[in-house]
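The following note is intended for a colleague who is meeting this structure for the first time. Please read the numbered points alongside the sequence and the model.

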Amino acid sequence: MGAWTVLQERQAMLLDPAIRDWVLLPIMLVMVLVGVVRHQVTVLLNGPPRKADLKSARETKGLQRGSILRAHGNHLPEYAFEARKAYLTEAFEKGTYLKDPKAGNKPKGNVMQDPAYVETMMDGMKKNMMNIVPQTVIMGWINFFFSGFVLIKLPFPLTIRFKSMLQRGIETQDMDVSWVSSLSWYFLNLFGLQSVFTLILGSGHAADAMRDMQAMSTMGMGPAAGPQMSPTGQPQDMHKIFLSEKENIELTEHEWGLNNVETRLLVKYGKLPRSILVDQKKAKAAATSVSGPSTSSLSSSSPAAVAAAAAAAGGKKKGRRQA
Amino acid sequence: MAVQQSPSYFGKLACLFGFLLLFHSGYSTFEHLSYLKAVDGHESGLPTDIVVELLVSVAIFGLGIVLVADNFKEILMETEMAKQSIESLDARPSFYSFNHRGRAVFRNVVLKK
Amino acid sequence: MVNAAKVLQDLRASAERKPDVVVRLGKPLVENGAVKKLDADAWLVYEQVAIAALDVGDDALAQRCIQALEQKFPGSARVRRLHGMKLEAEGELIQAGEIYKAILQEDETNILAAKRQVMLLRAMGLPSDAISALVKYLDINYTDFEGWLQLADLYLEQLMYSQAAFCMEEVIMLQPQNHIFHLKYAEILYSQQSIGLALKQFCRVVELCKDHVRGLYGIKLCTSHLLKLSPSKDSTATSQEDLKAIDLLATERLIATYNAASSSTKSVSTKWIENL
């Protein structure tokens with residue numbers, strides 16, 4: 001109880017209840033209403049969702065083929081994986097999935113004339129306007145009408161540094177930093193009302209992702225169509241991306257997940273001890289490290305190495321079982 | 001788990017009761033603090049009965065929540081997957097084809113009901 | 001009423017094709033207007049009941065649902081595709097084709113219309129055209145596993161097993177944890193006589209879903225076949241020991257599963273399993 005007593009020895013001030021009635025609640029009400037209005041206006045401004053472009057979709061999905069193959073290729077038998085690997089590396093190199101195969105020759109300078117790019121920029125700007133304008137207006141309104149007095153006492157103690165920010169307009173030296181002005185109430189509401197908006201407007205409301213986007217870049221990223229943009233605003237060169245994906249695929253090694261599925265199944269039902277799997281792994285690691293230095297190609301799936309590794313693993317496995 | 005048998009009533013009652021107690025203890029705190037302000041006494045911590053009321057309300061509320069909540073879902077994906085029937089293989093809703101016997105077979109049966 | 005809505009919702013989630021259940025539950029909902037109480041779900045129920053009604057031949061009910069949807073969403077491509085499906089069901093394939101072509105002209109990325117066109121070609125008895133249309137669709141929308149499943153089925157109808165296996169491989173890459181897809185892949189491999197590979201896939205099915213009876217039967221079939229052959233020299237194939245162990249395991253699990261069945265089923269199945 002001692003520490004509690006110390007904490008409570010802060011300044012106790014009695015505030016006029018009229019402040020609560022005429023400042024606290026109205027500011028909150030105004031912010032909620034402005035948020036709702038802003039959401040509706042954003043919906044109106046955005047119009048119906050843009051139609052996706054067939055070629056762009058194909059391009060993105062084509063790129064996904066590479067990542068899906070890399071992620072889940074181990075579920076396929078080796079011949080299937082190799083076939084897809086060969087096909088995709090060739091396709092990415094030739095640019096089969098590119099939206100605009102001749103794009104590489106276009107000069108990069110006339111970026112402004114690309115209509116899709118301009119649309120995406122306009123989108124981002126619209127969203128930013130919808131954010132900045134209400135914020136500025138409300139902050140000005142609060143500063144004009146509600147400055148010069150203390151509004152609330154925050155329930156937690158703060159350091160001295162916050163004094164200048166939170167007590168703007170009330171220049172005293174001794175007042176506790178927990179007593180704050182109306183502007184800080186505005187900021188509290190700005191972040192705190194996010195969940196209220198989600199409750200009222202559903203999860204897709206306009207104020208939601210705004211926070212992060214504002215901090216990031218001035219270019220918005222369109223939900224459906226716009227061409228891929230890097231944060232610096234230059235349209236990315238899809239061909240380069242395809243080439244890098246191609247290299248990733250070439251580097252991927254295939255390790256068939258079903259190599260020892262029988263053993264795993266027997267272990268799962270308790271017919272074999274779990275240590276068998278550990279032994280198998282060790283045997284395989286030993287075998288590949290033996291054959292590793294002798295192979296110089298990128299992929300370790302040369303038939304001799306695989307056969308040697310499997311035979312070594314099989315031999316070790318049989319040895320353990322008989323022991 | 002005999003307690004699970006009447007989740008609706010007892011659990012909901014417990015939740016309600018716990019919430020009321022919580023609310024009451026919160027309000028008591030507020031009143032206590034305003035009393036102290038009015039009397040100009042320095043704050044020396046909450047009186048014991050409010051604290052006890054608070055803890056009891058939390059306990060009752062917790063009990064109520066546990067009774068009212070749905071059954072747990074399994075963690076292992078395997079058990080969720082096992083519920084998938086093989087019917088889902090042939091389903092493919094966007095690819096339905098309608099030139100099958102069902103139209104003739106079911107027509108009389110359903111209409112006559 | 002609440003129960004009917006819940007059952008319909010579950011059927012929508014599991015995507016099973018049970019038109020008799022849907023019509024039996026949905027028809028009273030639609031006819032006495034109770035469906036409107038479901039708010040946002042009401043339109044999904046209308047669509048679901050319309051499609052089920054087409055499946056059972058209740059064209060009047062389907063028409064009623066489609067009209068309700070059209071009133072709410074005039075000019076929607078989704079409603080027009082339902083209209084096209086109704087024409088397909090009634091046998092007016094050319095008219096249905098016109099509707100789909102019109103939708104695609106307005107919006108070339110409309111997935112629903114593209115898929116219906118594929119099924120239309122199949123209904124017209126042009127399987128190779130259906131296959132090429134679907135291949136073109138999948139070239140653009142690679143991640144649609146339903147499409148790959150349908151393509152596998154189309155190939156299987158033409159007995160083109162290796163192409164069907166390719167499609168199932170794509171499906172497995174898109175959804176690696178679903179044992180049903182592994183099962184279908186295993187069965188296609190078995191039909192192609194790649195028994196060693198099929199055995200591994202069946203093992204995977206049982207690994208993903210413990211005691212899956214169809215997978216266990218698959219294992220039994222493969223092991224009984226492989227045990228009769230002389231041991232293969234291929235080092236990646238299953239060893240004889242493993243084969244015997246797996247065979248034993250499968251037999252044991254199958255008999256254990258049938259323990260709960262009635263005695264006649266149990267005796268028949270046990271006899272058959274042991275003779276495999």
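1. Helix α9 (residues 145–157) and helix α10 (residues 161–174), both of chain C, have axes that come within 8 Å and cross at roughly 165 degrees. The pair is therefore roughly antiparallel, a term for angles over 145 degrees. Axes here are lines fitted to C-alpha atoms, for helices over the stretch in contact, with angles from 0 to 180 degrees between N-to-C directions; helices are DSSP runs (H or I, at least four residues) numbered from the N terminus.

2. α9(C) makes this contact (heavy atoms within 4.5 Å) through residues including C:Phe145, C:Trp148 and C:Tyr155, and α10(C) through residues including C:Phe166, C:Met168 and C:Glu170. The contact residues comprise 14 nonpolar, one polar and one charged. Ala, Val, Leu, Ile, Met, Phe, Trp, Tyr, Cys and Pro count as nonpolar, Asp, Glu, Lys and Arg as charged, and the others, Gly among them, as polar.

3. The model is predicted: local features need pLDDT of at least 70 and side-chain atom pairs pLDDT 80 or more, whereas totals for chains, interfaces and linings use all residues. Residues are numbered from 1 along each chain as its sequence is written, chains are lettered from A in the order in which they are written, and side-chain values use heavy atoms, leaving out hydrogens and water.

4. Also within chain C, helix α6 (residues 93–106) packs against helix α7 (residues 111–123) at about 155 degrees, with the axes 9 Å apart. This angle makes α6(C) roughly antiparallel to α7(C). Among the residues in contact are C:Leu93, C:Tyr100 and C:Ile103 of α6(C) and C:Arg116 and C:Leu120 of α7(C). By class, nine are nonpolar, two polar and two charged.

5. Between chains C and A, about 3800 Å² is buried, 60% of it on carbon and sulfur atoms; buried area is the accessible area (1.4 Å probe) lost on putting two parts together, summed over both. Chain C contributes 39 residues and chain A 37 residues.

6. Six salt bridges link chain C and chain A, each a side-chain nitrogen of Lys or Arg within 4 Å of a carboxyl oxygen of Asp or Glu. One salt bridge joins A:Arg84 to C:Glu170, with the closest N and O atoms 2.8 Å apart. C:Glu170 also belongs to the contact of α10(C) with α9(C).

Conventions
Helix = DSSP H or I, 4+ residues; strand = E, 2+ residues; numbered from the N terminus. Parallel < 35°, antiparallel > 145°, perpendicular 65-115°, else oblique.
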